[in-house]
Amino acid sequence: MVLLPILVGRRGWQRIKLPAPDLIQCLILGILGVAASNYFYYVAIQKTSVAIAIIVQYTAPVWVLLYVVARGQQKLSLQKAAAVGVAIAGIALTIGIVGTKSAAALHIASWGFIAALLASFSFAFYNVGAHRILARYDRWRVLVWTLASASVLWLFVNPPWKVVAEHYTSAQWGFLFGFSLLSVLAPFSLYFLALQHLEPTRAIIGSCLEPVFSILLAAAFLGEVMRPIQTLGIVLVLLAIVIVQMPGGGSTVSADLVGVDPIE
């Protein structure tokens, strides 16, 4: 609702139209990637815990690495494998799944674990899929149709009249509107920009900073105490990002995965 009028007003329909095959790819990317990863992540939180949901979802770098290696798009290197392993270990320490005596952090329900695993597959899917189509189109054109398909899906799953029946206050509507801009539109815009310039493995390991920032923001604004084990986890995540961004290490990518400059 926000992005589409802006793009049409500035560019016109012709600048955001896509050929049918690419449009279908964007629609699938929005449903099976963006919508599915968020939905299954929330289910995982509801059925297990934030710690379990995050650590399982962030096994996605493993699936991305295995996929691009299996397709011959990258060579399996010690550098990439080490970066993935260090990133996952760092997240495990950061969120407290390792080094904690709290049984709640280790509460695992079978459906919750499956949901978290599906979230990781969806997360990996839109990293690989978005990178491929962003090699041919600028991110705004891809982003608007990807988000549109996810939005249309939720209009069927949770129709507008059900939302209206919740009788949200004006303050709650304002919060939801601001939250959608700050937590969906802005980060997806930036992440698609990253995918346009970085291969999927590097981009998704960089995204492992998400739980790190969650911990740091909670410490800064909510007064939560950051334990030494979490500090070590943050250091490991940062180390993983440094490792994967270092030159070399089998980063050869096939021609259809080479990022291009944004077409603004």
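I began with L222, which sits in the loop between α11 (209-221) and α12 (228-245), where helices (H or I, at least four residues) and strands (E, at least two) are DSSP runs numbered from the N terminus. I noted that the model is a predicted one, in which local features need pLDDT of at least 70, side-chain atom pairs count only at pLDDT 80 or more, and totals for chains, interfaces and linings use all residues. Residues are numbered from 1 along each chain as its sequence is written, and side-chain values use heavy atoms, with hydrogens and water left out.

I looked up the accessibility of L222 and found 64%, so L222 counts as exposed; buried means under 20% relative accessible area, exposed over 50%, and partly exposed in between (1.4 Å probe, protein chains only). L222 also belongs to a nonpolar surface patch with F213, L216, L217, F221 and M226, and together they have about 630 Å² of accessible area. Patches are made of residues with over 30% relative accessible area and no salt bridge, like charges being joined within 9 Å and nonpolar side chains (Val, Leu, Ile, Met, Phe, Trp, Tyr) within 5 Å. A salt bridge here is a side-chain nitrogen of Lys or Arg within 4 Å of a carboxyl oxygen of Asp or Glu, and areas come from the Shrake-Rupley method with a 1.4 Å probe, only the protein chains shown counting as cover for residues.

I then turned to H167, found in the loop between α8 (160-164) and α9 (170-197). H167 is not a glycine, yet its phi is positive, at about 55°, and with a relative accessible area of 66% H167 is exposed.

Which residues of helix α4 (residues 60-70) are buried? I listed A60, P61, V64, L65 and V68; seen down the axis of α4, these fall within an arc of 135°, so they line one face of the helix, the arc being that of the directions from the helix axis to the C-beta atoms. On the other side of α4, L66 and A70 are exposed, and the helix is followed by G72, whose phi is positive, near 75°.

For helix α5 (residues 78-94) I checked the length: its 17 residues should span 24 Å at 1.5 Å a residue, and the end C-alpha atoms are 24 Å apart, which agrees. The expected span is 1.5 Å times one less than the number of residues. Of those 17 residues, 12 are buried, so α5 is largely enclosed by the rest of the structure; among them are K80, V86, I91 and T94.

Q57, in helix α3 (residues 50-57), is buried at 8% relative accessible area. Beyond its neighbours within four places in sequence, Q57 is in contact (heavy atoms within 4.5 Å) with S37, Y41, A116, A119, S120 and F123.

I counted 12 helices and 0 strands. Of the 264 residues, 43% count as buried, and 87% of the contacts between residues at least 6 apart in sequence join residues at least 24 apart. The accessible surface comes to about 13,700 Å², of which 72% belongs to carbon and sulfur atoms.
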